[in-house]
Amino acid sequence: MENQQLENQHTLKGEISISGVGLHTGASVNITLKPASPGFGIKFQRVDLPNQPVVKADVDYVVDTARGTTLEHNGARVSTVEHLLAALVGTGVDNVLIELDGPEIPIMDGSSMPFIEAIEKTGIQDQDAKKIYYSIDTNITYYDEQKKVEMVALPAINYSITCLIDFNSPVLGTQHAKMKGLDQFRDDIASSRTFCFLHELEYLLNNNLIKGGDINNAIVVVDRAVNEDDMARLAKAFNRETMSVQREGILNNIELRFPNEPARHKLLDVVGDLALIGYPIKAHIIANRPGHASNVEFARKIKAYIKKNKHNQGVPVYDPMQPPIFDTLRIERTLPHRYPFLLVDKIIELAEEQVVGIKNVTFNEHFFQGHFPGNPVMPGVLQLEALAQVGGILALNRVPDPENYDTYFLKIDNCKFKQKVVPGDTMILKMELLSPIRRGLVEMRGTVFIGNKVATEADMIAQIIKTRESK
């Protein structure tokens, strides 16, 4: 990957199938990574459960950080997501549906490298949609006094991470790792394996909490004196004839991939957990003694900052010099509308719960010929239609194969026309999701802005209906 921020969104060139064992559940799990449309994001789908529920990779859905990061939503629970998320971030994959038939992502060798190698084998597809980075323009800090964890996001021109660990261990000592940019992730970070201390391992084994553990998918740091009985008990737990500690305090004499492999793996975890912010960011992250719980709380603070300063502003910012996420040709591949009834020129923002489109109103619009001749005013019903089309983009972006679906509007409430729309105006069309989509019903609030003034607003309900069989 080139040493620069990617300008467009990316997905996979094809499907990827991976099988393995969950570290904590011991369950055999098959996962399939599928390409997804721009703005889809990263989502997990439990295909083994009734109705095959989906959970978005979002910090809002984190329910457990005890021994990894666990998401749960819509009845879908997915554990140990951080290594796969880090691999997706590190390879620049923005949009993907991850199907799995079990409760936990496979641990593989305890690093992100097996996932990256599978992604590289299939390839990454550039998408005709702009990748929007969110810049941190002030310091964002998190501090856990009890655990002595300190994390800070500093303004920067790209995404970099410095990680420091200190477990008061004579074996590990104080370690630090640094990633100056995501282009370093594959070679310098991705192969670093998860680790734990012997006393933690013994607790986990005694409480049957690592049913899928193997000496090949984790580094075990021996932090106390051990005898032959200890080694025999561990050998039995891992189905080995013998086990030993010969040098550097590492169980079974495993060769470290880097002298500071534990610090690099902690950095890997930061990459994966901060993916749950839901937005690519530009910031320099400094993490001192991080863990999953602190990573998640820090991600929540960053997401709240972004939402407050970007998404929750009343008037979307339109810079005509910036390339759109969807141009007219891309819109036509999603919507069934065509000129003269296609009333959206481009999409400039597309997120999980919000979309912003642009309509440039010109004097030669077909409807001006007969609507208020000599005093051209855009019909209010067509303003609502323009909002509806933008809402269709938002609704269809929630399904993996939008070309096989259409949206039909069922209801319009609270409609108000506050300002005329005339030739020369640029309509900024904003649609916001008001509640989670259930049974294909989409409830949205639409607003038409002319400059920084509201021209039209309405609440709308639409339904997503499958019109063609998936290919």
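Which residues does Asp-459 touch, not counting residues up to four places away in sequence? Asp-459 touches Lys-411, Ile-412, Asp-413, Asn-414, Leu-434, Met-444 and Arg-445 under that rule, where contact means heavy atoms within 4.5 Å. This is a predicted model, in which local features need pLDDT of at least 70 and side-chain atom pairs count only at pLDDT 80 or more, while totals for chains, interfaces and linings use all residues. Residues are numbered from 1 along each chain as its sequence is written, and side-chain values use heavy atoms, with hydrogens and water left out.

**Around Asp-459**

- Asp-459 lies in strand β24, residues 453-466; helices (H or I, at least four residues) and strands (E, at least two) are DSSP runs, numbered from the N terminus.
- With a relative accessible area of 18%, Asp-459 is buried, because buried means under 20% relative accessible area, exposed over 50% and partly exposed in between, using a 1.4 Å probe and protein chains only.
- The side chains of Asp-459 and Asn-414 make a polar contact at 2.8 Å, a term for a pair of N or O atoms within 3.5 Å; within protein, one must be able to donate a hydrogen and the other to accept it, and residues adjacent in sequence count only if both atoms are side-chain atoms.

**The annotated binding site**

- An unreviewed UniProt entry carries the annotation "binding site" for His-83, His-265 and Asp-269; these residues are spread over 187 residues of sequence but cluster in space, with a largest C-alpha distance of 9.5 Å.
- UniProt positions are given in the numbering used here, feature names are shortened, and annotations may be inferred rather than shown by experiment.
- His-83 is found in helix α1, residues 82-91, and is buried with a relative accessible area of 5%; among the residues that His-83 touches are Phe-115, Thr-194, His-265 and Asp-269.
- His-265 lies in helix α6, residues 261-274, and counts as buried at 1% relative accessibility; the side chain of His-265 reaches the backbone oxygen of Ser-192 at 2.8 Å.

- In soluble globular proteins, nonpolar side chains tend to be buried together.
- A nonpolar core is a set of buried Ala, Val, Leu, Ile, Met, Phe, Trp, Tyr and Cys residues joined through side-chain atoms within 4.5 Å; the largest one here has 67 residues, of which Phe-44 and Ile-285 touch the most other members.
- A second, separate core of 41 residues includes Leu-335, Val-355, Val-399 and Val-448.
- Helix α2, residues 113-122, has Met-113, Phe-115, Ile-116, Ala-118 and Ile-119 buried, and what covers its buried residues includes α1, β10 (124-130) and α3 (185-189).

**Aromatic rings**

- A search of the whole structure finds 2 aromatic pairs; rings of Phe, Tyr and Trp (its six-membered ring) pair if their centres lie within 6.5 Å, and planes under 30 degrees apart count as stacked, over 60 as edge-to-face and the rest as tilted.
- The rings of Phe-367 and Phe-368 form an edge-to-face pair, because their planes are at 65 degrees, with their centres 4.7 Å apart, and both residues are buried.
- The charged end of Lys-43 sits over the ring of Phe-40, 4.3 Å from its centre; a charge sits over a ring if NZ of Lys or CZ of Arg is within 6 Å of the ring centre and within 35 degrees of the ring normal.
- Arg-330 lies over the face of Phe-326, at 4.3 Å from the ring centre.
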